[in-house]
Amino acid sequence: MKLSPKTRKILLLTAFLITVAVCVPATALITYRISTSASGSTQASSKEDIVADFIIIGGGSAGCIVAARLAEYGFETVLISSGANDTLNPMMREKRAYSQLFRMPQFKHYLFPEPSLNLNGRVLNTIVQNTLGGNGVNGGGMEQMMRNDWTYFVNVTNDQSYHHQNMSAYYKMVENFTSTASISPSENHGHSGPIIITQYYDTKFGNVWKSVAQELSETYSDDLAGLSDYGFSFEGSAFTNGLRSWSGDAYLSSTMSKYSNLKVITEATVTKLEINEKTKHVDSVLFVTSNGLFKGTARKEYILSAGVFFSPHLLMLSGIGDSDILRQHNITVKHELKQVGKNLVDNGVVTVEYDTKNFSLGDLKPVGLINSQSTTTNTNPDIFFILKLDEQTKRLTVLILNISPKSPAGYVSLHNSNPLVSPKINLTYLKDERDTKTFVNGIEYIRRIMSTSVMKQYATFNETQPGPNSVNLSTYVINTVSTAQHFLGTCSMGKNEQTSVVDSHFKVHGIDNLRIVDASIFPAGFISKSGPCLTVYALAEKAARTLQQMYS
Ligand SMILES: Cc1cc2nc3c(=O)[nH]c(=O)nc-3n(C[C@H](O)[C@H](O)[C@H](O)COP(=O)(O)OP(=O)(O)OC[C@H]3O[C@@H](n4cnc5c(N)ncnc54)[C@H](O)[C@@H]3O)c2cc1C
């Protein structure tokens with residue numbers, strides 16, 4: 001589609017006007033950056049529309065890996081992403097800048113879910129980092145999923161290639177893992193992949209942490225990757241010597257200059273997949289930049305990697321989804337897939353906070369994956385917790401994640417059919433009272449840790465939140481539970497189109513040239529036991545390898 005500059009300007013202006021005029025809360029508007037100045041990588045300024053073997057939509061954690069690998073495998077590849085290329089910005093890289101980064105809206109879409117009635121009407125916020133690498137610019141916790149988690153994938157898909165043993169190969173492709181512990185490096189880790197992960201350990205606090213586990217009759221594990229899914233440990237980190245490693249930089253930035261068959265278009269928002277409802281084939285994608293409206297055509301396939309909120313959103317806007325919802329918004333149904341947008345899950349997080357004296361953690365990340373109600377079960381953990389110390393204020397925050405939520409899943413849907421209006425998001429934390437109880441048990445468990453003789457001897461901890469005299473912990477949980485930002489599941493993987501959106505080869509059921517590779521494809525009912533980011537990376541490696549095998 002070639003449009004004159006004047007028509008483009010009119011279209012763009014119209015899109016903005018519609019956005020502003022639409023009757024949704026102003027906070028629901030997407031804050032895509034559409035500026036006329038180029039910032040780093042290629043902007044869509046050419047008059048030509050795009051044609052390539054593969055078009056990837058969304059340069060987040062997964063999208064950057066799929067794009068880089070497909071280019072490396074020799075395919076003509078185009079990545080279209082709504083954020084700018086900020087990979088050289090020190091704010092992205094430096095750990096000490098992370099909290100400031102959080103306060104800078106130009107790098108993010110803030111999405112505001114509907115008020116949660118069971119949380120006294122509170123509106124929680126969800127975040128999509130609008131930059132290359134997406135939400136990989138995060139807290140840096142890097143954990144593999146465990147053997148049992150992969151068995152869940154195998155059972156849901158009937159695809160044996162998801163067995164832990166096989167998936168271990170993809171983690172190894174991602175990881176450049178080192179541990180400062182004097183443990184023999186686990187055979188579960190890779191040591192020459194692009195993402196640098198360091199598991200920090202020091203003997204002094206390491207011994208304390210082991211003794212705490214012992215005093216509470218728990219197990220300690222040198223490394224929670226792979227086989228062991230229970231106990232106290234230290235978490236691997238994407239920060240090494242204070243610098244972040246993430247897919248936007250480690251996979252994509254270096255590749256952009258290396259492969260002439262890779263084109264990265266930033267500050268460009270895909271607004272629609274043009275789908276032929278008879279052939280069930282994606283004919284093209286439309287995307288908007290500050291220079292106007294463009295069309296991209298893939299000779300082979302389109303890969304949707306816009307993340308857990310925007311992937312289902314774009315499917316629905318394009319006519320793939322639950323026909324009842326699409327018709328409500330006057331969207332022509334191109335392909336009925338009831339599960340699009342369903343099964344949204346997240347752990348939720350509650351914190352216990354302490355003022356400390358004589359306490360330091362440095363780069364250490366003490367964690368635990370335990371059952372808060374019974375000790376030494378070595379199985380069925382119900383919470384994951386992590387200790388974070390602000391070394392300047394000496395404030396210790398213990399984050400408690402619910403890894404076995406009982407509440408029904410939430411969903412992603414539409415406010416209306418305007419692609420520049422963010423999706424409708426429904427979250428369901430604490431809808432089932434057992435989840436409140438899990439967090440209360442979690443708080444009591446953290447208090448037991450801080451009351452162990454070994455912790456008391458090591459340093460001074462004064463609880464400030466919820467506070468030692470707080471009588472009603474349930475109320476505290478209801479008033480403070482927040483998003484853990486570990487959202488999964490809105491384009492879930494499974495055997496058929498009644499129960500899922502993609503098959504085990506990442507292909508959208510019923511559409512012949514469209515795949516989804518991002519956090520949205522985790523199977524319905526699956527919840528992350530720690531953090532999903534490293535697994536999203538591993539799944540992206542698997543998807544790229546699948547495409548290479550298919551098309552080489
Ligand atoms: C604040 C925060 C902290 C986190 N901390 C951790 C942690 O410590 N450990 C951990 O394991 N996990 C963590 N997570 C979760 C983890 O980062 C995510 O699960 C993971 O990054 C998701 O990757 P993704 O590829 O699915 O999506 P994303 O990385 O979100 O990428 C989606 C990309 O698509 C782009 N996009 C969206 N719509 C369009 C469109 N229409 N056109 C073009 N581009 C589009 C977006 O701009 C974005 O860049 C955290 C998440 C957040 C938000």
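User: Leaving aside its neighbours within four places in sequence, which residues is Asp-512 in contact with?

Analyst: Asp-512 is in contact with Lys-280 and His-281, leaving aside its neighbours within four places in sequence. Two residues are in contact if their C-beta atoms, placed from the backbone, lie within 7 Å. Keep in mind that this is a predicted model: local features need pLDDT of at least 70, side-chain atom pairs count only at pLDDT 80 or more, and totals for chains, interfaces and linings use all residues. Residues are numbered from 1 along each chain as its sequence is written.

User: Where does Asp-512 lie?

Analyst: Asp-512 lies in the loop between α13 (473-480) and β25 (514-516). Helices (H or I, at least four residues) and strands (E, at least two) are DSSP runs, numbered from the N terminus.

User: And is Asp-512 buried or exposed?

Analyst: Asp-512 is exposed, because 11 other C-beta atoms lie within 10 Å. A residue is buried with 20 or more other C-beta atoms within 10 Å of its own, exposed with 12 or fewer, and partly exposed in between; the C-beta atoms are placed from the backbone.

User: What about Phe-102, buried or exposed?

Analyst: Phe-102 is exposed, with 12 other C-beta atoms within 10 Å. Phe-102 is found in helix α4, residues 98-102.

User: New topic. Which residues come nearest to the ligand?

Analyst: Of the 38 residues around the ligand, Gly-58, Gly-60, Gly-134, Gly-531 and Cys-533 come nearest. A residue counts as near if its C-beta atom, placed from the backbone, lies within 6 Å of the molecule or strand in question.

User: Which element gives the largest share of that shell?

Analyst: Helix α9 does, with four residues.

User: Now the core. How many residues has the largest nonpolar core?

Analyst: The largest nonpolar core has 151 residues, and Val-66 and Ile-400 have the most contacts inside it. A nonpolar core is a set of buried Ala, Val, Leu, Ile, Met, Phe, Trp, Tyr and Cys residues joined through C-beta atoms within 7 Å. Helix α14 gives the most to this core, with 10 residues.

User: Why does this core lie between domain 1 and domain 2?

Analyst: Domain 1 (5-138 + 246-344 + 487-551) and domain 2 (173-243 + 349-404 + 446-480) both give residues to this core, so it lies between them. The domain bounds come from an automatic or database domain assignment.

User: What does Val-66 touch?

Analyst: Not counting residues up to four places away in sequence, Val-66 touches Ile-56, Ile-303, Ser-305, Val-517, Ala-540, Ala-543 and Ala-544.
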